[in-house]
Protein chains: 2
Amino acid sequence: MTLILNLKDVEQAINMRTIIEHIEQGLVEEYHGNVQMPPRMNMPTNNQGFFRLMPAVMNDSGYMGFKAFFKSGPRVRYLIGIIDQHENNLEAMMDSSYLTAVRTGATTGLATKYMARENAKTVGVIGSGLEARTNLEAVCAVRDIEYVKVYSPTPQRRELFATEMSEKLGIRIEAVDSPNEAVDGVDIVNVCTNTSTKGNGVAFEGKWMRKSMHVNSIGSTMPTMREIDTDSFEKANVIVIDTKHLENESGDVLNAIKSGQYDHSKVVELKELVVGQKVRTNEEQITLFKSVGTAVQDIMAARAVYNEAKKLNLGTDVGDFLEAKMFN
Amino acid sequence: MTLILNLKDVEQAINMRTIIEHIEQGLVEEYHGNVQMPPRMNMPTNNQGFFRLMPAVMNDSGYMGFKAFFKSGPRVRYLIGIIDQHENNLEAMMDSSYLTAVRTGATTGLATKYMARENAKTVGVIGSGLEARTNLEAVCAVRDIEYVKVYSPTPQRRELFATEMSEKLGIRIEAVDSPNEAVDGVDIVNVCTNTSTKGNGVAFEGKWMRKSMHVNSIGSTMPTMREIDTDSFEKANVIVIDTKHLENESGDVLNAIKSGQYDHSKVVELKELVVGQKVRTNEEQITLFKSVGTAVQDIMAARAVYNEAKKLNLGTDVGDFLEAKMFN
């Protein structure tokens with residue numbers, strides 16, 4: 001049978017801690033090698049749109065699936081399909097407009113768990129959109145955060161973020177007037193912006209990095225997109241990335257490679273951390289996590305949602321609508 | 001809204017002539033250039049399985065979509081999703097186990113319409129499976145066929161084919177004892193086999209080709225699969241292919257390239273025929289059509305089914321289950 005899950009179903013089935021655990025499990029499998037994840041297909045369409053496809057096959061667990069997302073004008077829709085190899089069954093197709101932001105956050109949470117100081121208590125957030133919210137939620141799931149500062153260019157938006165997220169997470173959150181004020185003195189920085197659509201500037205600069213700080217940056221997922229400057233890569237003692245594909249996809253990384261500030265010898269993949277590689281060797285180091293998202297993250301997040309949705313009896317069961325045909 | 005169509009829905013919504021017309025329209029668009037169709041992704045899985053993805057974007061008509069198919073053990077499932085660019089809507093997701101065979105047949109029908117002699121009356125079929133059926137049906141949709149001979153190795157299967165297809169198409173069909181008997185004296189040959197699973201032999205040999213014959217071959221869709229010999233390529237005066245990708249994908253073509261019998265100067269793409277290029281310049285020529293299938297064929301066939309399904313009120317409407325999110 002195939003379960004169809006809309007946004008409301010997915011929202012009800014989301015548990016941030018469970019999704020972080022699922023993504024961690026996916027990365028362990030990825031580390032051990034029996035995972036195929038080709039570079040995403042990206043096809044431009046009319047009207048400033050695109051059609052993108054990201055598949056993954058995980059042969060140890062038998063999970064596989066794809067994300068398809070397509071944009072026309074200012075709007076984008078996201079679909080994830082998950083397949084159980086053993087049963088050869090399309091288990092679910094779900095809306096992943098919100099889930100994509102949650103899995104990005106969850107991956108940041110996972111990186112933060114392995115990279116930030118154990119006793120980190122404060123977060124500076126740059127950005128106030130959906131990703132800024134899910135990334136903060138995930139960091140709060142892995143550290144005992146007590147205080148958050150948030151900056152984004154529009155005062156009403158940062159104030160709304162502070163009010164709503166403070167209520168949701170039960171911690172003190174203040175909106176501040178500048179990005180350097182937001183990051184001043186904090187243990188963890190989350191840069192979660194859409195700078196590509198607002199000129200050539202970046203939202204975070206390496207000169208603001210202080211010893212022992214951990215920085216997460218998730219907003220430069222295409223060559224045209226920027227959010228942190230190239231100095232950030234030089235100043236970080238360790239750089240962790242969620243996938244090697246990012247070295248061809250993220251504008252931030254492409255620019256740092258070009259300027260000679262992306263030192264490959266200090267770059268580690270997140271999948272190495274979840275099997276025990278230590279990257280923070282002392283309290284004073286500056287650490288940087290860069291992500292663009294992967295199909296394994298999508299599929300594992302979708303699996304967590306699917307399992308929960310079945311327990312809660314959510315969604316529309318459209319039956320076994322794909323025939324199992326003899327392969328001739 | 002998104003319509004879910006299972007096998008029964010799709011079967012009810014299939015009209016071979018309409019599907020041939022839709023594929024022709026897709027090929028005209030492909031010829032004029034604003035179509036993106038990357039090589040299919042093919043990922044092996046456990047248990048002799050695979051996961052394949054074929055997308056296409058058609059920017060003139062605004063149609064796009066993908067086929068996902070996955071095999072485990074002896075069974076395979078096929079999903080097609082179609083998207084309307086203008087509305088940015090996932091219009092339908094449908095079973096395409098049967099539809100894939102129908103679109104392969106329809107493409108053969110289209111090629112036959114442009115390649116076979118106008119007064120062709122007889123067909124020799126090699127193979128008796130689903131593809132043999134849909135390909136014969138499609139040829140009968142474009143020529144006034146009066147008599148068909150069929151060969152496949154298992155007597156019961158070829159007899160069943162003759163009985164069932166004779167009833168379905170209202171023409172005389174005879175099962176014969178050998179492949180060369182099946183093709184002897186006929187105007188059109190359809191080679192529709194699964195020879196890869198049965199050793200290294202081929203099902204059709206160039207020495208059986210006679211002047212004015214048109215041959216369709218659709219069964220060698222992977223480098224490991226064979227159904228016609230390399231002499232067939234040398235003996236044909238004209239070769240038409242459904243996509244250039246086939247020169248990397250079809251075992252028949254790869255072997256003919258290797259043996260030096262695939263003369264690129266006599267190879268034409270099907271999309272050139274639908275905009276007016278003549279390939280049969282006299283009655284005596286031998287013509288060969290080779291296909292591996294493309295995402296444009298899938299999407300256009302699926303669109304024909306979707307339009308008909310809406311008219312007939314078929315399928316399960318799961319609503320607008322994908323959110324239209326502002327792209328940030």
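## A salt bridge across the interface

The side chains of Arg77(A) and Asp320(B) form a salt bridge, with N and O separated by 3.0 Å. The structure is a predicted model. Between chain A and chain B, the count is 2 salt bridges.

Polar contacts also link the chains: 26 residue pairs are in polar contact between chain A and chain B, with both residues at pLDDT 80 or more.

## Extent of the contact

The size of an interface is often given as the accessible area lost when the parts come together. Here, the area buried between chain A and chain B is about 5,700 Å², and carbon and sulfur atoms give 67% of that area. In chain A, the residues that lose the most area to chain B are Arg77(A), Lys325(A) and Phe327(A), which together account for 14% of what that side buries.

## Strand pairing between the chains

Strand S17 of chain A is joined by 2 bridges to strand S6 (residues 75–84) of chain B, and the two strands run antiparallel. Within this arrangement, Lys325(A) stands opposite Val76(B) in S6(B).

## Relation of the two copies

Two copies of a chain are related by a rotation about an axis and a shift along it. The same surface serves both copies, since 100% of the contact residues of chain A recur in chain B.

## Salt bridges in the whole structure

Over all chains, a search of the whole structure finds 36 salt bridges. One of them pairs Glu24(A) with Lys113(A), whose closest N and O atoms are 2.8 Å apart. Glu24(A) belongs to helix H2 (residues 16–32) of chain A and Lys113(A) to helix H3 (residues 97–115) of chain A, so the pair ties together parts that are 89 residues apart in sequence.

Technical notes:
Residues numbered from 1 in each chain as written. Chains lettered and ligands numbered in written order. Predicted model: local features only at pLDDT ≥ 70, side-chain atom pairs only at ≥ 80, totals over all residues. Heavy atoms only, no water. Buried area = accessible area lost by both parts, 1.4 Å probe. Salt bridge = Lys/Arg side-chain N within 4 Å of Asp/Glu carboxyl O. Polar contact = N/O pair within 3.5 Å; in protein donor to acceptor, adjacent residues only side chain to side chain. Pairing = 2+ DSSP bridges. Helix = DSSP H or I, 4+ residues; strand = E, 2+ residues; numbered from the N terminus. Contact = heavy atoms within 4.5 Å.
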